[in-house]
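Have the model open as you read.

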Amino acid sequence: MHVTLLVGPAVPVPMPQPVMEALQSFQVTSSAGSRSGFQVTFAVENRSPLHTLLVLAGGQVPWLRVLIVLTINSLPSVLMDGLITKQEISGSNDPGVSTLTVTGEDLSVAMDQQQFNGLPYPAMPPPARVALIVAKYAMFGMVPLVIPQIFTDVPVPVEKIPTQQGTDLAYVEKLAADAGHVFYVAPGPAPGMNVAYWGPEIKLGLPQPALNLGMDAHSNVETLSFSIEHAKKAMPIVFIQNALTKTPIPLPIPDISLLNPPLGLLQPLPKSINLMSDTAKLSPMEALSKGMAVAAGSADVVTATGSLDVLRYGTVLKARELVGVRGAGMAFDGLYYVKTVSSTFKPGEFKQNFTLTRNGLISTLPVVPT
């Protein structure tokens, strides 16, 4: 296992050996539905080159970019590509004991600085607006990955011209919420590249190596516990207003779609009904998209939390992807969606805490990929 740290104003460069020797630890948190962040801690001496980092990040450059790359078995994995937002120094009377803590967030923080109120987007559906906004941040290697919503509503310029309100990030997130989508910036696949994803929360794809529990030499997790929230699941009902009679028409929305298939064979019945009366003011396409997002959010009633050692697991567990679980019993074995991952590195040690979710009990597959 090898860690590479790159820092620079726009194009990060590898840190010199004295800086890497001063590295004490770092923590990277990735979560579906929220912004990713990182925290790096160094040991600081009076003549340490880290003081140059303090001066540069203190206002000499607009943004100081940080890349954290972990290489396991000759395979590099970009854990974080972000910008420094805060620095802290903890002093000490003993030489070499002072610590510098650098805190930052992913590159979406650069999209949340300047407001562009009133910027028009004539005859542009939401996916086109998102792609145009993300293109402004190509200097950070940000590439847009935009998935159009199932029900698209293109505004007619003679009737309405959409205008932006707030920062680029706030506006893109609002467009995602209205369409029932998510927006996040993920590092990789190569160092210096980033994917700005705007689309539905996809729970498909090739699963990561399975998490094994209670399998002797094949066990690769330290802890793993499960919980079921029986009262969480609710069925949303959207209201679509009839243009002629002005009468709202209720439509129940299922929590299963092509991009959100059932990961559990036995799914609990909805315990309540969510009447989304505010959708009557929206267009039919917007109301259906919003209802599908609410249904998908309340469907994940099974939650698993645990921790693992990356050296024993053999690779880095990534958020927003699928992973298999084995050895937990018939009710909890199978595929899960990785909701959050918190990675903590210290010299000679790299561990991860994670949260998994799915929408039912009993695996839908006879076996999971190992």
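The radius of gyration here is taken over C-alpha atoms, and the globule rule is 2.2 Å times the number of residues to the power 0.38. For 370 residues that rule puts a compact globule near 21 Å, and the protein comes in at 23 Å, which agrees. Its C-alpha trace spans about 80 × 55 × 35 Å along the principal axes.

Keep in mind that this is a predicted model, where local features need pLDDT of at least 70, side-chain atom pairs count only at pLDDT 80 or more, and totals for chains, interfaces and linings use all residues. Residues are numbered from 1 along each chain as its sequence is written, and side-chain values use heavy atoms, with hydrogens and water left out.

You'll find 6 helices and 21 strands in the protein, counted as DSSP runs (helices are H or I, at least four residues; strands are E, at least two) and numbered from the N terminus. Of the contacts (heavy atoms within 4.5 Å) with a separation of 6 or more, 69% link residues 24 or more positions apart.

Now for the inside. Buried residues (under 20% relative accessible area, 1.4 Å probe, protein chains only) make up 45% of the 370. A nonpolar core is a set of buried Ala, Val, Leu, Ile, Met, Phe, Trp, Tyr and Cys residues joined through side-chain atoms within 4.5 Å. The largest one has 46 residues, and Phe26, Phe42, Ile68, Leu211, Phe354 and Leu356 touch the most other members. A second, separate core of 23 residues includes Met124, Met142, Ala179 and Ala196.

Note on methods
Buried < 20%, exposed > 50% of the residue type's maximum accessible area, 1.4 Å probe, protein only.
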